[in-house]
Amino acid sequence: MNPNISAFFAERKATWLKARMKASLTADEQSALNEEAENKFSLAIWLPDAAKRASWLSIVSHPGKFSHPSAKTTSIIANGRAANDGYLRTGNVDYELDVFGNAAAMDVYKFLTLPMDDGQTVLQHLERDSAEIRDLLSVPTASYESLKQGLTSIKQSDGVNKTDQLVKQVYFPVDDSYHLLSLLTPSGLLTKLKTQIDAFRFSEATKQAKESRKKNEHHPHGYDDALELTVTGYGGTQPQNVSVLNSQNAGRTYLLPSTPPPLQKRQIPFPTRNFFRNSLRLRQFEDSFQTLDRLIRSGVNNIQIREGIRNTLKYLIDQVLQRAFQIRAIGPGWSEKEHYRSLPSAQRIWLDDALLEQRQNQDEWLDEITLNFANWIFNSHEYLHKETLVKLGDDELREVRSIVEQAVGSDKEFFK
């Protein structure tokens, strides 16, 4: 007999005898109890009884009792298809099935999950009718087929899908109607998650690493941790009423944080109709315009003043270009969204990398951007200093356009 199965019956027999053996019993009474135990836990006697009690249990992947211990739902074993979709779900994780039912039959479940010589369980051997299981279940008190039918009933349902009012429900939209879904818990998945988290949080290596940190000592590997875990409890003081896995976990499972990431406000608004109106705030350029106005109103026309005006304009243009770079850094294709379709074509070419080829091979957009840029500088200067304005003429406009064109054109390579 397989050593795991021998150990199972030896343990069951020892537990049964321990509850009945008393020091006051005579030798004959003790001998009688030993004989009764040998008989009770022999394959010929125990197997037919286990086959009857197996129907008291149900193997499932999603027990309804996690919603409420009194919930009675169909015994579901979900077989999800594995896919590289990035989801932690049934099918993408290999985890053990759960079981619930009458506690008086839990020994049957333990027997069915014992590994045989090849590593597969007794139940797996039953499901494929292996020669090993046929040999094990060959007893004079029952036929193999009756034993198999009884023992495998632990994994069979009556074929009727039913939910329970105690199970959490949600209306899910489907076409023009709704489906009422019953939400069930993948207990095996919860157990696998808890096992893996406990392994790296409470392993001996982690304890040593934490001790090194406490002593401010170097540790070659350090340790991993899971922060902001929420511990949930199922079943209260009687977790065994929910399921076997829940009982093994003392009713405790972990919830990982699932809050949305913090949203940061954009440093610059995206243009919907005009970059120079939507994305530029005049107050951010007031210092530059104030310097420019002071130089213009100085009344002096020498090389120092002209260079000062030119340098101030270049600095102002660079400030605007930096904001254009910030928009482009978001990534290509943003201007293709419906919200930005009113943005002029030239500005879309200038600001969106999805149109990089047009930006490199066409010049019409540059002429339009240059004109808009220069007009923005003129109009902004006029608006901010209308009380003391020295109005600029066509010559100044041409000069500003020349500086803008040179700056945007020379930065054309930077946009690649």
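**At 26% relative accessibility, G409 counts as partly exposed.** Here, buried means under 20% relative accessible area, exposed means over 50%, and partly exposed is in between, using a 1.4 Å probe and protein chains only. The model is predicted: local features need pLDDT of at least 70 and side-chain atom pairs count only at pLDDT 80 or more, while totals for chains, interfaces and linings use all residues. Residues are numbered from 1 along each chain as its sequence is written, and side-chain values use heavy atoms, with hydrogens and water left out. G409 belongs to helix α17; helices (H or I, at least four residues) and strands (E, at least two) are DSSP runs, numbered from the N terminus.

**Helices α12 and α16 cross at roughly 80°.** The axes of α12 (residues 286-296) and α16 (residues 364-384) come within 10 Å; they are lines fitted to C-alpha atoms, for helices over the stretch in contact, and angles run from 0 to 180 degrees between N-to-C directions. The two helices are therefore roughly perpendicular to each other, on a scale where angles under 35 degrees are roughly parallel, over 145 roughly antiparallel, 65 to 115 roughly perpendicular and the rest oblique. On the α12 side, look for E286, F289, D293 and I296, which meet W376, I377, S380, H381 and L384 of α16; contact means heavy atoms within 4.5 Å. Sorted by class, this contact has 5 nonpolar, 2 polar and 2 charged residues. Ala, Val, Leu, Ile, Met, Phe, Trp, Tyr, Cys and Pro count as nonpolar, Asp, Glu, Lys and Arg as charged, and the others, Gly among them, as polar.

**The largest nonpolar core has 37 residues.** A core of this kind is a set of buried Ala, Val, Leu, Ile, Met, Phe, Trp, Tyr and Cys residues joined through side-chain atoms within 4.5 Å. F275, W350, F373, W376 and I377 have the most contacts inside the core. The elements giving two or more residues to it are α11 (275-278), α12, α13 (303-328), α14 (345-351), α16 and α17 (394-410). Helix α16 gives the most, with 8 residues. If you zoom in on F275, its contacts beyond four places in sequence are L280, V320, R323, A324, I327, L343, Q347, W350 and L351. A second, separate core of 36 residues includes L33, L57, L112 and M116. In soluble globular proteins, nonpolar side chains tend to be buried together.

**T90 sits in the loop between β1 (57-60) and β2 (98-101).** With a relative accessibility of 17%, T90 counts as buried. Its side chain makes a polar contact of 2.9 Å with the side chain of Y95. Such a contact is a pair of N or O atoms within 3.5 Å; within protein, one must be able to donate a hydrogen and the other to accept it, and residues adjacent in sequence count only if both atoms are side-chain atoms. Neighbours within four places in sequence aside, T90 is in contact with H62, A78, G80, Y95 and P186.

**A71 is found in the loop between β1 and β2.** A71 is buried, at 2% relative accessibility. Its partners, not counting residues up to four places away in sequence, are G64, K65, D164, L166 and V167. One of them, L166, is 95 residues from A71 in sequence but 5.5 Å away in space, C-alpha to C-alpha.

**T253 is part of strand β6 (residues 252-255).** T253 counts as buried, at 4% relative accessibility. The side chains of T253 and T232 are joined by a polar contact of 2.4 Å. Leaving out residues up to four places away in sequence, T253 touches L190, K194, T230, V231, T232 and Y234.

**D175 and N216 are residues other than glycine with positive phi values.** D175 has phi near 55° and lies in the loop between β3 (169-174) and β4 (177-182). N216, with phi near 60°, is in the loop between α9 (204-214) and β5 (230-233). D175 counts as exposed at 78% relative accessibility, and N216 is exposed too, with a relative accessible area of 71%.
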